[in-house]
Amino acid sequence: MHLDVQTLSVVTVFITALLGALLVFAGLQNRSIRAPMWWGAAYIVNAAGLGLLTSQGAAPAVVTNDIANALVLLGYSLTWSGTRVFDGRKVYPPLLLLAPVIWLLLCRLPAFASPDLRVVVVSTMLAFLALRAAEELWRGRDEPLMSRWPSVIVLLAYAAVLLARVPATLLSPSFADDSLMSGLSFALLAFGTLLFTVVMAFLQLNMTKERTELRHKINSLIDPLSGVANRRAFLDRAASLIARQDEDQEPLAVLLFDLDHFKQINDRLGHAVGDTVLQAFAGSATQTLGADVLFARIGGEEFASCFQVGDIDEAYAIADRVRRNFATAAAHFANERLTPSVSAGVTLGRDPRATVADLLSVVDRALYRAKELGRNRVEIEASAAEASLAAPSIVPIIGPDRAATAPHDRRWRFAS
């Protein structure tokens, strides 16, 4: 079957323009992600350039060749810039216009009149821009977007095809003087451009959709005030940690923190100060525990953490370190009316059949006792599984002054 090159080129122009309009529309629908508008503009500019290329012979060569290829180069520069915008990097207008300006300047040189030389130069420049776009997407690979990887592969493959056109033009007589619409090189490039445009537009739309879904998922699991995980995220991830206990063979520490006299802080100093105290504790605790440790705000002024430890002594020491570090951080904005502190309860979970609610119920009793005994302290409550492994002994009654010097002076209480 004979495929007319002119027909293929016209189809490529219209599909490219249509996909560009679709991407612009997608960008207008979701203003929080601006990259689709850049990519859509790139396709529309590309369509204009390809449209001028298809009209060779019907208009002056300066329009159908020089300006047409400059527009195609500008379209690829916009695609590269769109990938930078997608990952939050700055766009530099001089770099955006660099390739088309260089092309137009070269076209003014008499030595640049050779069609083969023009094919080599424009193919190399287009391949360079495609490689830069692939590099930008590769730099953002830490973001879990499945469509990012095939986008990189497609851009690399298209750059390889463009670069392959260089030796083919220079060495093969079939590709010589192929700047006209009847040339084999142009036909292959038009088909490759059509395929590349359709695949890339699909991947770009899918990347935008994946990022939107990822942001919604993250927002549903993050407490907006403190910036740490919320109750839903804590329950889900803590349940996963408990389920892995059989495999990991390590006990889980569950820590429960409650800011002391928080209602009085809000009532006397205002909710803005209360919010500052919450944020200060969240920041201090996250820095103490480490970014990889599960730590969440599960209530108004209540926070919880769950992680693997060696024993209850280690769990207690970590909880007390959080308490002491917060006291140090809070001293920067404390005054005679405001002295923020935190109380904590600690328990250890060893039974993979236990639920998160079971462990929170146990550790809540330890926290309640810390409040009863004067606040600004850490108390331990043994779970049923822990009690079965330990001889009757004590839960600590250690105030803030003795916690650092006598961490093992404890009186145990066992959960019923």
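# Questions on a predicted model

User: In which helix does Cys-107 lie?

Analyst: Cys-107 belongs to the run of residues 93–107, and such runs come from DSSP, with helices (H or I, at least four residues) and strands (E, at least two) numbered from the N terminus. By that numbering, the run that holds Cys-107 is helix H4.

User: How many helices and strands are there in the protein?

Analyst: This is a predicted model, in which local features need pLDDT of at least 70 and side-chain atom pairs count only at pLDDT 80 or more, while totals for chains, interfaces and linings use all residues. Residues are numbered from 1 along each chain as its sequence is written, and side-chain values use heavy atoms, with hydrogens and water left out. For the protein, the count comes to 14 helices and 7 strands.

User: Is Cys-107 buried or exposed?

Analyst: Buried stands for under 20% relative accessible area, exposed for over 50%, and partly exposed for what lies in between, using a 1.4 Å probe and protein chains only. The relative accessibility of Cys-107 is 7%, so this residue counts as buried.

User: Which residues does Cys-107 touch, not counting those up to four places away in sequence?

Analyst: A contact is counted when heavy atoms come within 4.5 Å. Cys-107 and Val-62 are 45 residues apart along the chain, with 8.6 Å between their C-alpha atoms. Not counting residues up to four places away in sequence, Cys-107 touches Asp-66, Phe-112 and Arg-118.

User: With which residues is Thr-193 in contact, leaving aside neighbours within four places in sequence?

Analyst: Thr-193 sits in helix H7, which covers residues 184–221, and a relative accessible area of 9% makes Thr-193 buried. Once the neighbours within four places in sequence are left aside, the contacts of Thr-193 are Thr-12, Leu-50 and Tyr-158.

User: What share of the residues in the protein is buried?

Analyst: The protein has 416 residues, and both Cys-107 and Thr-193 are among the buried ones. Taken over the protein, the buried share is 48%.

User: How far apart in space are Asp-260 and Val-342, C-alpha to C-alpha?

Analyst: Asp-260 is placed in the loop between S1 and H10, and with a relative accessible area of 3% it is buried. Apart from residues up to four places away in sequence, Asp-260 touches Ile-265, Ser-341, Val-342, Ser-343, Lys-371, Arg-375 and Asn-376. Although Asp-260 and Val-342 are 82 residues apart in sequence, their C-alpha distance is 5.3 Å.

User: What is the phi of His-261, which is not a glycine?

Analyst: Most residues other than glycine have a negative phi, and most peptide bonds are trans. His-261 lies in the loop between strand S1 (252–259) and H10, and its 40% relative accessibility places it in the partly exposed class. His-261 is not a glycine, yet its phi is positive, at about 50 degrees.

User: In which loop is Asn-376 placed?

Analyst: Asn-376, which is not a glycine, has a positive phi of about 55 degrees, and Asn-376 is also one of the residues that Asp-260 touches. Its place is the loop between helix H13 (356–372) and strand S5 (378–380).

User: At what angle do helix H10 and helix H11 pack?

Analyst: Axes are lines fitted to C-alpha atoms, for helices over the stretch in contact, and angles run from 0 to 180 degrees between N-to-C directions. Helix H10 (residues 262–269) and helix H11 (residues 271–289) have axes 6 Å apart and pack at an angle of about 140 degrees. With under 35 degrees counted as roughly parallel, over 145 as roughly antiparallel, 65 to 115 as roughly perpendicular and the rest as oblique, H10 is oblique to H11. The angle asked for is about 140 degrees.
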